[in-house]
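Please read them alongside the coordinates.

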Amino acid sequence: MRRLRVLAGAAAASWLFSFGAGAAGTDSDIPTPYLPSTTVAVDEMLRFADVGPADLVVDLGSGDGRVVIAAARGYGARGLGIELDPKLVEEGKANAQQAGVADRVTFRHGDVLVADYRDATVVTLYLLPNLVDKLKPRLLELRPGTRIVAHDYGFSDWKPDRRIVISKTYLLYVVPARVAGKWRLHFSRPEGERVYEFDLAQQYQEIHGGARVAGGYLPAFEARLSGDRIAFVLVDNGVSYRFEGRVQGSALLMEGTVRSGVGRNLDTGAWRATRVVPGSSEG
Amino acid sequence: MRRETSTGHRSPVTGHTSIVIGLWLVPLLCAVATHSVGAQDEGLKPAVPYVPTPQVTVDEMLRIANVGPQDFVLDLGSGDGRIVITAARKFGARGLGVDLDSSLVAEADGNARESGVESRVRFLEQDLFDTDLGQATVIATYLLPFAMLKLRPRLLQLKPGTRIVSHDFDLGDWRPDRMTYVRKNVFLWVVPAQVAGRWQARLRIPPIERHLELELTQRYQELSAHARLNGVPAQVWEATLAGDRLSFVVVDTTDRENEASLYFEGKVSGGVIEGELIRGVGATRSVTGWRAVRGQL
């Protein structure tokens, strides 16, 4: 499957195709060719990631530096480019100087698989699928809410949070908080506080679970996770409760507001959940 | 999934065939109903079962339709009136419910008075297929698939932006614009504007004016589009239609040194599309208006 994707993707650019075909036997050793993103592609990646002045944009495989330079010049962001080819690193530095953003962007010579970029708020990548998948474990360690934008090639089993097609395919992934496990969920209701045993299973940003209550199980409907933001609906005794909240940094606590009713009959209360037993999450 | 309805809710309504029996009958009636399409043509009324919608689902339907005080909610097959009454009581809307069963219409009237919303809602003993749908901004339905499909052409003729909400049963290949699952599937459709055909626009983008020719084909709200920019074929991306709101992206390669995406957003009104055009992103972003008309300039 992955083999096919390399070839199918590579077929788009004929010289890439010869690369892919030549390396058919050793999937993992395909060298990453340098194929600069077009102006429109750089624009779309930064727009899609909703880059702003508060962001640190890290480009993995930064080439001549065009992505981080555009992020600094067009959006007031800071940038870090990581590039294996030392000549391109020098070129990136010179281009940043020329663009007048040398104080806001840095370039580092190094291997994207071992580089440290843990302060990133946005990661951009344009790499072949085998390398994208190898980066995944470290990307998932980034702060929840960090946006990852890939173009053309995404992860083989992590579904994007959003996808757009404008000449090329752009994929946006938001690093999910780790919420799998058993939680004790407290929430206030007009008739007093309630406590549920609340279970969550997780695969990347996809979550499902529910609350164990005396004599039954309440499935969590419309359960969503985006970075550190979580939302789900529980229906108890004919009333729906809409939970929205944030997962705290430690991932041992989440809290937020719970709404019951609709329209004018909306009651708002607070909820918090503490993790009793951590679960294993594939992702 | 169906069984939980029978245990989850005590209907405020009494005097109806037990909900449990009603629910067991649904699959059976679906089959009967399918067979009775032929009979219907000979003047026989198909059997339409009365299955009250659980309150949680009523709330969810009105919530995803974003009902507000400006809305007029029409419920086709209004039963004991709970959808229209909830729309008035919890969302401040006005509404009309139609039902073939005169005893249910009387009961709905009674329930409206009890809820204190009788000045804002009405119930009529009337066939939904004889009802003027044009007065509604939101239409609620809970009809078996054959009836949904029979209704569909009329729904598509409604004013663009009219919302339709249903649960359990959808509108066939007209895909919902939104769907949620809270115990039951709830579907929302927004009636799309009719945009199929050729459109022309002059775009005021310095330094040179661009001429856009746009050809749209449409299947419900799904669009496929082809464009020419100054006579050169240009691909159209991310074309979406929500009610009378159209948006799409064209990559402007007129100036090879200065390529950028053109983001179009506009409101469709008869033979005119008018709105905002953004060129580029970030610091080089520029905004102008654009206006397209049908056919040739």
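**Notes on the predicted model**

1. The contact draws on 23 residues of chain A and 26 residues of chain B. This is a predicted model. On the side of chain A that touches chain B, at least two residues each come from helix 3 (39-48), helix 4 (66-75), strand 6 (162-166), strand 12 (221-226) and strand 13 (229-236) of chain A. Helix 3 of chain A gives the largest share, six residues. Sorted by class, that side of chain A has ten nonpolar, seven polar and six charged residues.

2. Chain A has a mean pLDDT of 87, with 88% of its residues at 70 or more. The pLDDT is below 50 over residues 1-28 of chain A, a stretch with 29 contacts in the model beyond near neighbours in sequence.

3. How do helix 3 of chain A and helix 4 of chain A cross? Their axes come within 10 Å and cross at roughly 60°, which means that helix 3 of chain A is oblique to helix 4 of chain A. The crossing is right-handed.

4. On helix 3 of chain A, this helix contact is made by A:Val42, A:Met45 and A:Leu46. Helix 4 of chain A contributes A:Arg66, A:Val67, A:Ala70, A:Ala71, A:Gly74 and A:Tyr75. The residues of the contact between these two helices comprise seven nonpolar, one polar and one charged.

Key: Residues are numbered from 1 along each chain as its sequence is written. Chains are lettered from A and ligands numbered from 1 in the order in which they are written. This is a predicted model: local features need pLDDT of at least 70, side-chain atom pairs count only at pLDDT 80 or more; totals for chains, interfaces and linings use all residues. Two residues are in contact if their C-beta atoms, placed from the backbone, lie within 7 Å. Helices (H or I, at least four residues) and strands (E, at least two) are DSSP runs, numbered from the N terminus. Ala, Val, Leu, Ile, Met, Phe, Trp, Tyr, Cys and Pro count as nonpolar, Asp, Glu, Lys and Arg as charged, and the others, Gly among them, as polar. pLDDT is the predictor's confidence in each residue, from 0 to 100. Axes are lines fitted to C-alpha atoms, for helices over the stretch in contact, and angles run from 0 to 180 degrees between N-to-C directions. Angles under 35 degrees count as roughly parallel, over 145 as roughly antiparallel, 65 to 115 as roughly perpendicular and the rest as oblique. A crossing is left-handed if the near helix is turned anticlockwise from the far one by less than a right angle, and right-handed if clockwise.
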